[in-house]
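Welcome! Let's take a friendly walk through this structure, one feature at a time. Have a look at the display below, then read on.

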Amino acid sequence: MKLYSRPLSPYSSIVRCIAYYKQAPIKIVAPPQGFPIPEEFRAISPFNRIPVLITGSGLTIVEAPVIAEYLEEHFPEPSLLPADSRDRAIVRMTARAAELEVLAPMMELFELIYLKSKDETRISKLFKQMETGLTETEKRLGHGPYALGEQMTLADAWLTPTRFIFNNFRKISGRENLLDPYPKFDAYQQLIVQDPVLSLVWYEMTDGLKVFQGELESA
């Protein structure tokens with residue numbers, strides 16, 4: 001198997017987290033250099049974005065949630081879903097909220113802030129959406145060692161890159177106190193860096209951010 005990924009990409013980081021946890025035999029390769037990804041990559045990914053997983057049979061799988069499900073099913077042990085159906089639903093809801101109600105609006109806000117957008121109505125709406133998602137996430141978080149208890153789950157795979165992105169987002173947005181109302185989510189970083197799998201992804205993203213910032217400075 002081959003995974004097209006970049007260290008800083010939160011969606012790629014989710015998939016790498018799952019692959020590392022399951023010790024899946026996946027070769028990680030980078031897409032063509034450039035931001036955005038050059039158009040030539042559409043020959044591999046019709047949407048011209050990462051992550052992309054190429055399976056051993058040659059099947060191309062796109063979109064992080066689909067790749068995550070595939071890896072969970074293809075490599076069932078160790079599982080990232082609890083045995084109980086109720087607990088599995090909670091894991092999936094937490095991961096879905098992180099994806100759609102926290103990470104997605106934050107990534108759009110990154111773009112709007114970078115482009116110095118004057119669309120204050122859209123910006124306000126996205127912050128409200130993100131804060132609602134954070135509120136729901138905060139309600140579900142336990143007290144470790146993982147997001148939802150004693151076992152690492154798909155929720156951790158989604159929340160780890162999401163939590164990482166907030167450190168830089170707070171600076172860029174000028175909202176340093178953004179996570180103050182969400183103390184468990186804020187402190188989740190301390191749990192991440194103590195885990196061998198989650199910390200590996202965290203520090204890969206750290207290195208990726210340094211490279212990206214260097215590229216911006218030299219551009």
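Predicted model: local features only at pLDDT ≥ 70, side-chain atom pairs only at ≥ 80, totals over all residues.

Glu-136 has 33% relative accessibility, so it counts as partly exposed.

## Salt bridges elsewhere

The structure holds 11 salt bridges in total. Side chains of opposite charge can pair when their charged atoms come close.

One of these salt bridges joins the side chains of Asp-186 and Arg-163, at 2.9 Å from N to O. Asp-186 is found in helix 6 (residues 183-192) and Arg-163 in helix 5 (residues 154-173), so this pair ties together parts that are 23 residues apart in sequence. Is Arg-163 buried or exposed? With a relative accessible area of 1%, Arg-163 is buried, while Asp-186, at 25% relative accessibility, counts as partly exposed. Arg-170 joins Arg-163 and Asp-186 in a network of salt bridges.

Another salt bridge links the side chains of Asp-87 and Arg-86, with 3.5 Å from N to O. Here Arg-86 is exposed, at a relative accessible area of 57%, and Asp-87 is partly exposed, at 31%.

In which order do the 4 strands of the open sheet lie? The order is 2-1-3-4, and the pairing is mixed. Strand 2 (27-29) and strand 4 (60-62) are the edge strands, each pairing on one side only. On average, neighbouring strands of this sheet are turned by 20 degrees against each other, direction ignored.

Strand 1 (residues 2-4) pairs with strand 3 (residues 52-54) in the antiparallel sense, over 3 bridges. Tyr-4 has Val-52 in strand 3 as its bridge partner. Helix 2 (residues 64-74) lies across strand 3 and strand 4, and runs at about 125 degrees to strand 4.

## A nonpolar patch on the surface

Last stop: the surface. Which residues form a nonpolar patch there? They are Tyr-114, Leu-115 and Leu-216, which together have about 350 Å² of accessible area. Tyr-114 is part of helix 3, residues 85-114, and counts as exposed at 61% relative accessibility.

Key. Residues numbered from 1 in each chain as written. Heavy atoms only, no water. Patch = residues over 30% accessible without salt bridge, like charges linked within 9 Å, V, L, I, M, F, W, Y side chains within 5 Å. Areas by Shrake-Rupley, 256 points an atom, 1.4 Å probe, with all protein chains shown as cover. Salt bridge = Lys/Arg side-chain N within 4 Å of Asp/Glu carboxyl O. Helix = DSSP H or I, 4+ residues; strand = E, 2+ residues; numbered from the N terminus. Buried < 20%, exposed > 50% of the residue type's maximum accessible area, 1.4 Å probe, protein only. Pairing = 2+ DSSP bridges. Axes fitted to C-alpha atoms, helices over the stretch in contact; angles between N-to-C directions. Contact = heavy atoms within 4.5 Å.
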